Amino acid sequence: MHNVYIYIAVVALVTYAIRVLPLTLIQKEIKNTFIRSFLYYVPYVTLAAMTFPAIVTATDSIWSGIAALVIGVLVAWISGNLFLVAISACSVVFLVELLIL
C-alpha cells in the first residue's frame, strides 16, 4: 500500500519549488522583450486553457456551448462589458437548448 503522505509532501515541495526558484535565481530585471512579452501573456493563456473546455462542455449539447462561446467573444469584442457577455451567452445557451430539444 502506498503512503499518501509521501505523495502530499512531494506535491507540496514541487509547488513550493516552482514558486520560490524564480525568486531566488532571477534577481535582476528581465530586459529581453521576447521573454517579457511571454511572461505577460502567461496568465491569460492559462485562464483560457482552463476555461475553454468548461465553456464548451458545460451545457447539455456541445452546440449550445459553441454558440455561447462565439456570441460571448463577439459581444466582448464589441462592448467589453462582462455583464453583457454573461447575459448574452446564457441567453444563447437557453435559446439553442430550446431549439434542439
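Is arginine 36 buried, partly exposed or exposed, and what is the relative accessibility behind that label? At 44% relative accessibility, arginine 36 falls in the partly exposed class. Here buried stands for under 20% relative accessible area, exposed for over 50%, and partly exposed for what lies in between (1.4 Å probe, protein chains only). The model is a predicted one, where local features need pLDDT of at least 70 and side-chain atom pairs count only at pLDDT 80 or more, while totals for chains, interfaces and linings use all residues. Residues are numbered from 1 along each chain as its sequence is written, and side-chain values rest on heavy atoms, with hydrogens and water left out.

Arginine 36 has a charged partner: it forms a salt bridge with glutamate 29, and the closest N and O atoms sit 3.5 Å apart. The cut-off for such a bridge is a side-chain nitrogen of Lys or Arg within 4 Å of a carboxyl oxygen of Asp or Glu. One salt bridge is what the structure holds. Glutamate 29 has a relative accessible area of 55%, so it is classed as exposed.

Next come the rings. A pair of aromatic rings is described by the distance of the centres and the angle of the planes. Rings of Phe, Tyr and Trp (its six-membered ring) pair if their centres lie within 6.5 Å; planes under 30 degrees apart are called stacked, over 60 edge-to-face, and the rest tilted. The count by this rule is three aromatic pairs. One of them joins tyrosine 40 and tyrosine 41 edge-to-face, at 5.0 Å centre to centre with 85° between the planes. Tyrosine 41 and tyrosine 44 have ring centres 6.4 Å apart and planes at 55°, so that pair is tilted. Both tyrosine 41 and tyrosine 44 belong to helix 2 (residues 33–57), three residues apart, or about one turn of the helix. Helices (H or I, at least four residues) are DSSP runs, numbered from the N terminus. Tyr40, Tyr41 and Tyr44 make up one aromatic cluster. Tyrosine 40 is partly exposed at 49% relative accessible area, and tyrosine 41 is partly exposed at 48%. Helix 2 also carries threonine 46, which is partly exposed with a relative accessible area of 39%.

Helix 3 (residues 62–78) supplies the largest share of the patch, seven residues. Tryptophan 77 sits in helix 3 and is exposed, at 76% relative accessible area.

Then there's the largest pocket, with about 210 Å³ of space. Helix 3 and helix 4 (82–100) are the elements that give two or more residues to its lining, and helix 4 gives the most, with five residues. Among the lining residues are Ile55, Leu69, Asn81, Leu82 and Cys90. On a 1 Å grid over the protein atoms alone, a pocket is an open set of points where a 1.4 Å probe fits, with protein on both sides within 12 Å along at least five of seven lines; lining residues have an atom within 4 Å of a point. Leucine 82 lies in helix 4 and is exposed at 68% relative accessibility.

Definitions and conventions. Grid points are joined across faces, edges and corners, and a volume is the space filled by probe spheres set on the points.
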